[in-house]
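User: I'd like to learn how to read a structure like this one. Could you walk me through a few features?

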Amino acid sequence: MAQLCEKCVKLLQDFMSLVKRMSSSLIQNIKEYLILISECSCLKRKTSEARQLYKPVLQPHEKEMARKFLQHIETGFEMSPFGKDSLEALRTLAFSENPGLQQSAALYYLHMSQHLSTHLPAEHLESYYALLQSSDMEVQQMSSLSLVNFLLEGNINKEQIVQIGLLEPILELLESGDSTVQCNSCACIMTLAVSESNREAIGSAGVIPLLTLANSYDPRVQQNAVGAIFNLTRSERIQQVLCREGALPILILMLESPDSEVQYYSCAALSNVAANSQHHEAMLRVGDKFLLRTLISLLSSSVDKVSSQACVCLRNLATSVNIQADIIAMDILPKLLSLLASSNSDVQQASVSLLWILSQHPANQDALMHGEVLQNLGMLLLTHQTDPGIVGHAACIIKNLSLCKNIQGIIESPCVEGLLQAILLTEIQEESLHYVTCSLGELAKHEGATLHLLEWMNEPLIKRLVRLAGQREHTEPSFQAAFIVRHMIRHDKVMSLLKCHMEEVQHYLMNFLNHQEIRFQQLGISTLGKLLEDPEFSFAFSQSQFMEHLEQVRQQTEETQELLKMATSHKGS
């Protein structure tokens with residue numbers, strides 16, 4: 001290509017300079033005319049739509065505050081972010097009609113929410129009135145996000161947010177057209193609803209918009225909306241509102257969401273609702289027990305908290321024989337067996353709790369007498385001896401299944417060993433001890449189980465049973481331990497082991513004879529009669545004051561019988 005001569009190059013440069021001058025002048029003229037139009041009073045309306053049509057004029061005091069604010073930041077403002085001057089500056093910026101200034105305040109609060117390690121002074125919450133209701137979408141996004149951060153990090157008192165009136169603008173943001181604002185406002189409500197008083201304040205005003213957002217196509221919005229609903233279901237009053245507004249079908253359908261968080265929150269919300277049996281009929285009416293089928297399918301979830309929560313929901317629903325029959329008929333046992341063998345203790349607790357509910361009704365017990373069920377229960381007892389939830393529920397299940405026809409299956413499993421290992425633990429909790437001794441006491445009624453217990457009986461176990469029988473703090477374990485001893489002393493091995501604890505045996509028998517409950521007195525007398533058949537025990541009792549006390553009991557009993565005869569004969573006449 002031919003090159004331009006120097007003359008043509010000069011002409012071209014002059015032409016470009018001319019165009020630039022004309023363009024600059026034209027743009028300046030356009031700006032001046034737009035400014036004149038925007039400053040006209042006809043456009044200065046208060047609606048949010050009108051605000052978007054013009055750029056508010058920066059007022060002198062706003063300029064000064066903006067200057068000071070920048071100066072504070074430049075001179076190490078972050079070392080003292082919440083002083084009086086900074087509060088005044090931030091408040092001025094927040095309440096300005098200039099979106100740029102509001103953005104500065106919102107951005108600063110967002111920055112602080114990511115770095116603050118102390119409590120946010122309550123005075124700063126006033127700025128959120130303006131920021132949350134700003135006509136600028138970016139301000140709404142940043143301010144709602146910073147508020148979520150402050151709440152999650154505990155920089156703000158949750159109840160205080162409601163007390164100072166910030167709940168209303170947060171609820172209004174639920175109906176924003178921007179998904180980010182929706183997401184943040186849902187997160188705010190979810191966090192605030194952890195507080196009981198806040199739940200009541202949110203009430204029905206938050207239910208309808210949250211149910212709408214639960215169907216959002218944005219997974220973040222849907223997740224936070226369902227999470228907020230879950231926290232609100234902790235209130236029975238709001239449960240009623242949710243059911244009335246059609247929440248049940250929405251939450252049940254959410255169980256099939258591909259998002260595990262949505263599955264968890266919806267399942268947890270349904271668990272809370274199911275804790276109130278008056279809602280069961282409505283819950284099961286949706287899709288002809290679709291809820292039961294979906295919950296049972298969730299037991300196979302790869303996410304532990306989802307499968308665990310599905311167990312909890314099924315447990316809360318399984319309050320009637322009919323519902324339990326439906327659950328058993330849906331082939332739940334293989335899934336429960338898998339959960340019992342889980343490495344997650346929460347999953348194991350939830351599954352064993354559901355199994356306990358199912359074991360309470362005789363109609364289900366044949367189905368539960370599955371070799372693997374007993375095997376897994378025994379292993380749970382052996383490996384989770386200090387877990388009161390697992391030990392207590394497992395012991396209750398074994399007790400419920402301890403029928404004559406089931407004893408052989410129980411003694412062939414590790415269940416008896418697990419119960420005996422649990423009772424030997426001195427640190428076992430009172431409630432767990434109660435259930436373990438009750439379960440062993442039920443087994444001791446059966447000859448086959450007694451013979452199996454005899455194989456495990458040794459000095460430490462006898463010592464533990466005698467000491468449990470002698471303590472007075474825990475009534476039921478005391479009775480059950482003595483009950484087990486009574487059924488075992490028919491065997492020479494146990495009688496021999498007891499002779500090392502004669503004084504302690506006499507002590508607890510004396511307590512039983514003086515006990516207010518007839519069952520204790522009868523058990524004490526029955527045990528004493530059996531022990532007196534042994535020469536060594538008979539001699540030991542004769543050398544103590546025990547026989548004198550027994551004679552007093554006999555005389556009191558005869559006097560009581562005479563009084564009863566007089567009372568009944570008087571009634572007959």
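User: Which residues is T437 in contact with, leaving aside its neighbours within four places in sequence?

Analyst: In this predicted model, T437 is in contact with I423, L468, P477, Q480 and I484 once those neighbours are left aside. T437 itself is found in helix 27, which covers residues 430-443.

User: Is T437 buried or exposed?

Analyst: The cut-off to keep in mind is that buried means under 20% relative accessible area. T437 has 0% relative accessibility, so T437 counts as buried. Across the chain, buried residues make up 49% of the 573 residues.

User: How many helices and strands does the chain have?

Analyst: There are 35 helices and zero strands. As for contacts in the chain with a separation of 6 or more, 70% of them come from residues 24 or more positions apart.

User: How should I read a helix, and which residues of helix 32 are buried?

Analyst: Start with the general idea: an α-helix has 3.6 residues a turn, so residues three or four places apart point the same way. Now the case here. Helix 32 has twelve residues, 502-513, and reaches 16 Å from its first C-alpha to its last, close to the 16 Å expected at 1.5 Å a residue. Its buried residues are M502, V505, Q506, Y508, L509, N511, F512 and L513. Two of these, Y508 and F512, also belong to a cluster linked by ring pairs, together with F479, F483 and F520.

User: What describes a pair of aromatic rings?

Analyst: The distance of the centres and the angle of the planes describe the pair. A search of the whole structure finds nine aromatic pairs. Take Y264 and Y265: the ring centres are 5.6 Å apart and the planes are at 55 degrees, so this pair is tilted. Both Y264 and Y265 are buried. The ring of Y264 also has the charged end of K305 sitting over it, 4.7 Å from the ring centre.

User: And what average pLDDT does the chain have?

Analyst: The average is 85, and 86% of the residues score at least 70. Look separately at residues 43-58, where pLDDT stays under 50. For that stretch the model has 21 contacts beyond four places in sequence.

User: One last item: what does the accessible surface of the chain come to?

Analyst: It comes to about 28800 Å², and 53% of that belongs to carbon and sulfur atoms.

How values were computed: Residues numbered from 1 in each chain as written. Predicted model: local features only at pLDDT ≥ 70, side-chain atom pairs only at ≥ 80, totals over all residues. Heavy atoms only, no water. Helix = DSSP H or I, 4+ residues; strand = E, 2+ residues; numbered from the N terminus. Buried < 20%, exposed > 50% of the residue type's maximum accessible area, 1.4 Å probe, protein only. Contact = heavy atoms within 4.5 Å. Areas by Shrake-Rupley, 256 points an atom, 1.4 Å probe, with all protein chains shown as cover. Phe/Tyr/Trp six-rings, centres within 6.5 Å; stacked < 30°, edge-to-face > 60°. Lys NZ or Arg CZ within 6 Å of the ring centre and 35° of its normal. Expected span 1.5 Å × (residues − 1). pLDDT = per-residue confidence, 0-100.
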